[in-house]
Amino acid sequence: MAGIWGLERVIRLAKMATHLVLCRERVTIYPLPGGGVQLFIKTRRAVFCLPASYCYLWVPQVSWYQTHPFTIVSNGPSGVELVIKVCDGFTKDLYESAERNHPAICRASIDGPYGSLPDTTQYDKLVLVAGGSGAAFTFGLMNRILNIDERIKARSIDFVWAVRTTDMLSWFRDHLLNITSRPTVNVTIYVTGSEKPPQVKGSAVDMRDVLPEIPKSDISEAGELESLLGNHSPAPEAMATIEYGKMSTDAVIDKAMQTVSGDDRVLVAGCGPSTLMEALRGSVVRYGAKNECRIDLHCEGYDS
Ligand SMILES: Cc1cc2nc3c(=O)[nH]c(=O)nc-3n(C[C@H](O)[C@H](O)[C@H](O)COP(=O)(O)OP(=O)(O)OC[C@H]3O[C@@H](n4cnc5c(N)ncnc54)[C@H](O)[C@@H]3O)c2cc1C
Ligand SMILES: NC(=O)c1ccc[n+]([C@@H]2O[C@H](COP(=O)([O-])OP(=O)(O)OC[C@H]3O[C@@H](n4cnc5c(N)ncnc54)[C@H](OP(=O)(O)O)[C@@H]3O)[C@@H](O)[C@H]2O)c1
């Protein structure tokens, strides 16, 4: 078993080293507030890197022997975008490198994409549920869906995201503004690590008032949004519901199903901590059993 694992590692590193040398792949790494990093990888193989699939990242300047899996958030003129929550090993080294150089630009390589997803074009209703950095997957899925706009069948999409702090909202700023400006997408955010500020009245907010402007140096990366928007002109507002407190997955599923009728096909897709994924699975199964209806479920998660 250890032999197969070792061989797989050696093959992956050899493949990535070839890309690094022959394709001259490069990464730009930005630090994000609250312990995150955003990466844009320039690769000639970008066309194959579909958002919401994942790839293995190798940045030899940060660690010559480690590759780690990360979800592709978007894939536009600035490169393949990854958004990463900083832990204690490789990701912390990435963050420190980005902080020192602001941004760090170095040679890098990706292997992939990997992962398979249900065909979202077959569904009338989509419910996307994320916890913390699991939003890399749900924003990736949204970006994939928006790129195939003309074929989209879903009449409505519920995008639900639990974060500990509002810092994390800025990690996906452009994508959040993009989806909140879409009339068919209902965005609800649960903030679980802080009290509702007294000056905030009600729960419906315009995200442009919540999310800080992008610093000048990062404007080129905002071009990402342009490519995703296509012909879509920005709506007059970018509304989301922000709740302070824990997300109830039962309530999320109940609410989503209120807008579903008899023959509608429903897909619930989630990504985040295993506790959240277990709760989501339970809610979907309970709702389906109680109401004798079918809801398809796709959970991404890999916590030990
Ligand atoms: C398919 C997939 C997609 C992912 N996408 C994202 C993403 O888009 N954004 C994001 O922030 N994180 C993502 N992750 C998680 C990310 O891969 C780990 O957080 C990262 O590898 C931790 O690196 P570290 O050395 O800093 O971790 P450490 O501080 O050493 O460990 C932190 C945690 O990460 C786990 N971990 C460590 N190395 C790996 C590894 N090579 N593979 C899987 N888990 C590991 C450990 O078991 C531990 O639970 C994804 C994981 C998988 C499997
Ligand atoms: N493609 C992928 O597979 C992929 C991609 C990116 C990330 N991930 C994984 O996703 C996970 C995200 O972790 P994180 O550290 O970024 O998140 P985090 O900061 O811990 O935030 C998770 C959020 O989910 C909420 N939550 C957790 N369990 C819940 C439950 N049972 N019901 C309702 N809400 C719940 C938390 O609320 P409380 O504050 O109340 O706990 C919190 O707001 C990690 O395991 C990461 O590795 C996977």
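**The shell around ligand 2**

Mentor: Start with the residues that surround ligand 2. There are 27 of them, and Gly131, Gly132, Ser133, Ala162 and Thr192 are the closest. A residue joins such a shell if its C-beta atom, placed from the backbone, lies within 6 Å of the molecule. Helices (H or I, at least four residues) and strands (E, at least two) are DSSP runs, numbered from the N terminus.

A word on the model before we go on. It is a predicted one, where local features need pLDDT of at least 70, side-chain atom pairs count only at pLDDT 80 or more, and totals for chains, interfaces and linings use all residues. Residues are numbered from 1 along each chain as its sequence is written, while chains are lettered from A and ligands numbered from 1 in the order in which they are written.

Now sort the shell around ligand 2 by class. Eleven residues are nonpolar, eleven are polar and five are charged. Here Ala, Val, Leu, Ile, Met, Phe, Trp, Tyr, Cys and Pro count as nonpolar; Asp, Glu, Lys and Arg are charged; the others, Gly among them, are polar. Domain 1 (2-114) and domain 2 (120-300) each supply at least three residues. Those bounds come from an automatic or database domain assignment.

Next, ligand 1. Its shell has 18 residues, and Cys87, Asp88, Gly89, Thr91 and Ala136 come nearest. Strand E4 (68-71), E6 and H2 are the elements that give two or more residues to this shell. E4 gives the most, with four. By class, the shell around ligand 1 holds nine nonpolar, six polar and three charged residues.

E6 is part of an open sheet of five strands, in the order E5-E6-E2-E1-E7, with antiparallel pairing. Strand E5 (74-76) and strand E7 (104-107) each have a single partner strand, so one side of each has no neighbour in the sheet. On average, neighbouring strands here are turned by 25 degrees against each other, direction ignored. Strands of a sheet pair through backbone hydrogen bonds. Two strands count as paired if DSSP finds at least two bridges between them. E5 and E6 (residues 79-85) have three bridges and run in the antiparallel sense. One residue pair to find is Asn75 with its bridge partner Val80, in E6.

Helix H2 (residues 90-101) packs on this sheet. The helix touches strand E1 (26-32), strand E2 (36-42), E6 and E7. Its direction makes about 85 degrees with that of E1. Axes are lines fitted to C-alpha atoms, for helices over the stretch in contact, and angles run from 0 to 180 degrees between N-to-C directions. Two residues are in contact if their C-beta atoms, placed from the backbone, lie within 7 Å.

Look at what follows H2. His102 lies in the loop between H2 and E7. A cis peptide bond joins His102 to Pro103, with omega at about 5 degrees. His102 also has a positive phi of about 40 degrees, although it is not a glycine. Most residues other than glycine have a negative phi, and most peptide bonds are trans. His102 counts as exposed, because it has 11 C-beta neighbours inside 10 Å. Buried means 20 or more other C-beta atoms within 10 Å of a residue's own, exposed means 12 or fewer, and partly exposed is in between; C-beta atoms are placed from the backbone.

Ala52 has a positive phi too, of about 80 degrees. This residue sits in the loop between E2 and strand E3 (54-58). Ala52 counts as buried, because it has 25 C-beta neighbours inside 10 Å. A cis bond also joins Gly112 and Pro113, again with omega at about 5 degrees. Pro113 lies in strand E8 (residues 109-114).

One last stop is Ala269, in strand E14 (residues 266-271). With 23 C-beta neighbours inside 10 Å, Ala269 counts as buried. Leaving out residues up to four places away in sequence, Ala269 touches Leu128, Thr138, Leu141 and His298.

Now step back. The protein has eight helices and 15 strands. Of its 304 residues, 41% are buried.
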